[in-house]
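Please keep the structure in view while reading each point.

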Amino acid sequence: MSERPALTVARTVKDLRWQVFAWRAEGLRVGLVPTMGALHEGHLSLVRLALESADRVVVSLFVNPAQFAPTEDFASYPRGEDRDREMLAEAGCHLLYAPDATEIYPPGFSTTVTVGGVSAPLEGERRPQFFGGVATVVTKLFNQVAPDVAVFGEKDYQQLQVIRRLVRDLDLPVQIIGAPTRRAEDGLALSSRNAYLSADERVVAGKLNVIMAQMARSVAAGGAVITAEAMAADALRAAGFDSIDYIEVRHAEDLSTLGPGPIGDSPARVLAAVKIGKTRLIDNIAV
Ligand code: AMP
């Protein structure tokens, strides 16, 4: 007999709450892993981490239109719920919450949650709609699921810091856990968007993490930030990336700039966003 729990699917807040409140009545702890589907091993590692801190794990699957600009890939974003369901059942997830769009955005919806500070630089500058869309949908998911704990990937490092800020600022009663980035053999961070890469582009993509690691080592060894950033940008161009949105060293918590010289004792993170062809990749590593 299989050890796996049966995977329930809920499409409405009513069905979701019915199940979650039944678990709560039994005194069980509930974990949430928000996703946009097209699942891969990175997502499943979040489910496994959630299972370490919670008795029941809910994965939400919602491709959130509010966090895409009109020029971005909302329509073409990879989707495949049947496969996602199989993977989640295998990983030990208990409930898939795949809401109908009106459960998230009912007619007349007019509220946006805006997180200041850490939302502003990097992704915030390039994708002005993004963190407002994320903070709003995550706040809704927290209210709908009412989890004790929620797991987010360090893959989207700025997003993780934005959510930590949101939870602190609004006293949301949920513990946030950050999960390490899962990578392919050559170090490319797993991402649903990697499916867009051609075979040649995929080879180039694998160099991003190598260049970032080199940059982190140089800064950790006392090298000047400005030099490390310039060398990394040159290396990215030489490796065949078509454009660089940013490759920077930032303070690891609030993502503020650290100045052009050595970082001293500051906790720091290298963050990058680059494009190959039509595909935009983001990654980050600790210094
Ligand atoms: P997404 O479906 O891309 O919105 O991602 C859902 C969650 O999975 C987010 O918390 C991401 O940070 C996380 N995630 C995505 N890729 C990875 C990865 N390679 N390793 C760990 N977590 C990831």
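1. D148 is partly exposed, at a relative accessible area of 22%; here buried means under 20% relative accessible area, exposed means over 50%, and partly exposed lies in between (1.4 Å probe, protein chains only). The side chain of D148 forms a salt bridge with that of R24, at 3.5 Å from N to O. A salt bridge is defined as a side-chain nitrogen of Lys or Arg within 4 Å of a carboxyl oxygen of Asp or Glu. D148 lies in the loop between helix 6 and strand 5, and R24 in helix 1 (residues 13-25), so the pair ties together parts that are 124 residues apart in sequence. R24 is also partly exposed, with a relative accessible area of 31%.

2. This is a predicted model, in which local features need pLDDT of at least 70 and side-chain atom pairs count only at pLDDT 80 or more, while totals for chains, interfaces and linings use all residues. Residues are numbered from 1 along each chain as its sequence is written, and side-chain values use heavy atoms, leaving out hydrogens and water.

3. A salt bridge also joins the side chains of R127 and E72, at 2.8 Å from N to O. R127 lies in the loop between helix 5 (123-126) and helix 6, and E72 in the loop between strand 3 and helix 3 (81-91), so this pair ties together parts that are 55 residues apart in sequence. R127 is buried, at 8% relative accessible area, whereas E72 is partly exposed, at 25%.

4. The side chains of R183 and D283 meet in a salt bridge of 2.9 Å, N to O. R183 is in the loop between strand 6 and helix 8 (199-205) and D283 is in strand 9 (residues 279-286), 100 residues apart. R183 counts as partly exposed, at 28% relative accessibility, and D283 as buried, at 4%. The salt bridge count comes to 17.

5. Helices (H or I, at least four residues) and strands (E, at least two) are DSSP runs, numbered from the N terminus.

6. Strand 2 (residues 30-35) pairs with strand 5 (residues 149-153) in the parallel sense over two bridges. L32 has A150 of strand 5 as its bridge partner.

How values were computed: Pairing = 2+ DSSP bridges.
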